[in-house]
Amino acid sequence: MAKAKTAKAAPGADRPGEVDIQVRPGYRRRGLGARLLAAAAEGLRADGRSSVIAQVLAGTPAVPFLESHGFECVLTLRGMLLRLDDVPAERVARLLAAAPAGYRLARWRGVVPDEHADALARAKHAMADFAEYEGTPWDAHRVREMAEIVAKRGDDLYTVAALSGGVIAGFTEVVVPAGCAGRAAQYDTAVLPEHRGRRLGIWVKAAMLRWLGEECPGVREIETDNSGDNAHMLAVNEELGFRLERESLEYQAAVSDLPASGR
Ligand SMILES: CC(C)(COP(=O)(O)OP(=O)(O)OC[C@H]1O[C@@H](n2cnc3c(N)ncnc32)[C@H](O)[C@@H]1OP(=O)(O)O)[C@@H](O)C(=O)NCCC(=O)NCCS
């Protein structure tokens, strides 16, 4: 009838716990959600967590539920979808032809070639603008490890990078599902701060679209989540043709503000 789960975060109580509460529609507004939250709070306290997050869809009962329990919205995520049939080949060709001066493209499938591994790790630091990446330093080992995890699942990681000398000034990653069909997932895209404002982001993404079209014609859609306050990334994706599918919100509360379980 109802369930709550608290995900055990990685070791280190400094990281927030995560809560996901589900009450079947026929049993709602009877206080079950609140009781489950109180029980989850007990687990979070026992685990030494000081804060908790919950991911919910905008416009659903979860929003007033969480707000009535002292949660605050800390992040808006826009789920965007690009239908490749809706992207005219001329658009991709035009964006690719507008190559920013002084850069060249490189691309690889799977684990990064050794010659680019350190440069990619440095470029990944450019993602640290966004809170979710804070505190997790990138190095060549971690970059390779992430690609190996994708490969172990049977999926393919495609990377396109813009190089300036030996430096990766910007890059974009897409994960293509096993069998090269259906919906691919946009992973990281970032441009180093000192290379921003030169349309490198849209250039590498256009190169990715052309490559996927050649390599994986079975891929029909690409999905991505963008932070609602990342205006530049949203503008790039809208120009490519991504459309808003759903909006999800990340809520956070201090565990000390959560209700105590009355047991
Ligand atoms: C969100 C959810 C868990 C709430 O469960 P619930 O058992 O209905 O919640 P409660 O009865 O304990 O509600 C507690 C308070 O939350 C608020 N609330 C809950 N649902 C609400 C709604 N649809 N509209 C307005 N306020 C609401 C009210 O303040 C309510 O108190 P009240 O009934 O005295 O006014 C339930 O709607 C659900 O399962 N939704 C789908 C799953 C989901 O989105 N989960 C993510 C949440 S972490």
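Predicted model: local features only at pLDDT ≥ 70, side-chain atom pairs only at ≥ 80, totals over all residues.
**Helix packing and ligand contacts**

Reader: Is the crossing of H3 and H6 left-handed or right-handed?

Author: The helices to look at are H3, residues 89-97, and H6, residues 200-215. Their crossing is left-handed.

Reader: How many nonpolar residues does the contact of H3 with H6 have?

Author: H3 brings Val-92, Ala-93, Leu-95 and Leu-96 to this contact. From H6 come Ile-202, Trp-203, Ala-206, Ala-207, Leu-209 and Arg-210. By class, there are no polar residues and 1 charged residue, and the nonpolar count is 9.

Reader: Let's move on to H4 and H5. How many charged residues does their contact have?

Author: Helix H4 (residues 114-124) and helix H5 (residues 140-152) have axes that come within 8 Å and cross at roughly 100°, which makes H4 roughly perpendicular to H5. H4 contributes Asp-114, Ala-117, Asp-118, Leu-120, Ala-121 and Lys-124, while H5 contributes Ala-140, Val-143, Arg-144 and Met-146. The contact has 6 nonpolar residues and no polar ones, and its charged residues number 4.

Reader: And what is the handedness of the crossing of H6 and H7?

Author: The axes of H6 and helix H7 (residues 231-240) come within 10 Å and cross at roughly 40°. That angle makes H6 and H7 oblique to each other. Their crossing is right-handed.

Reader: How many polar residues does the contact of H6 with H7 have?

Author: On the H6 side, the contact is made by Gly-201, Ile-202, Lys-205 and Leu-209. Met-233, Val-236, Asn-237, Glu-239 and Leu-240 meet them from H7. By class, 5 are nonpolar and 2 are charged, and the polar residues number 2.

Reader: Now for the ligand. Which residue has a backbone N or O atom 2.7 Å from a nitrogen atom of the ligand?

Author: The ligand is surrounded by 17 residues, the closest being Ile-21, Val-23, Gly-31, Gly-33 and Ala-34. For the ligand nitrogen atom at 2.7 Å, the residue is Ile-21.

Notes
Residues numbered from 1 in each chain as written. Heavy atoms only, no water. Axes fitted to C-alpha atoms, helices over the stretch in contact; angles between N-to-C directions. Helix = DSSP H or I, 4+ residues; strand = E, 2+ residues; numbered from the N terminus. Left-handed = near helix turned anticlockwise from the far one by under 90°. Contact = heavy atoms within 4.5 Å. Nonpolar A, V, L, I, M, F, W, Y, C, P; charged D, E, K, R; others polar. Near = heavy atom within 4 Å. Polar contact = N/O pair within 3.5 Å; in protein donor to acceptor, adjacent residues only side chain to side chain. Parallel < 35°, antiparallel > 145°, perpendicular 65-115°, else oblique.
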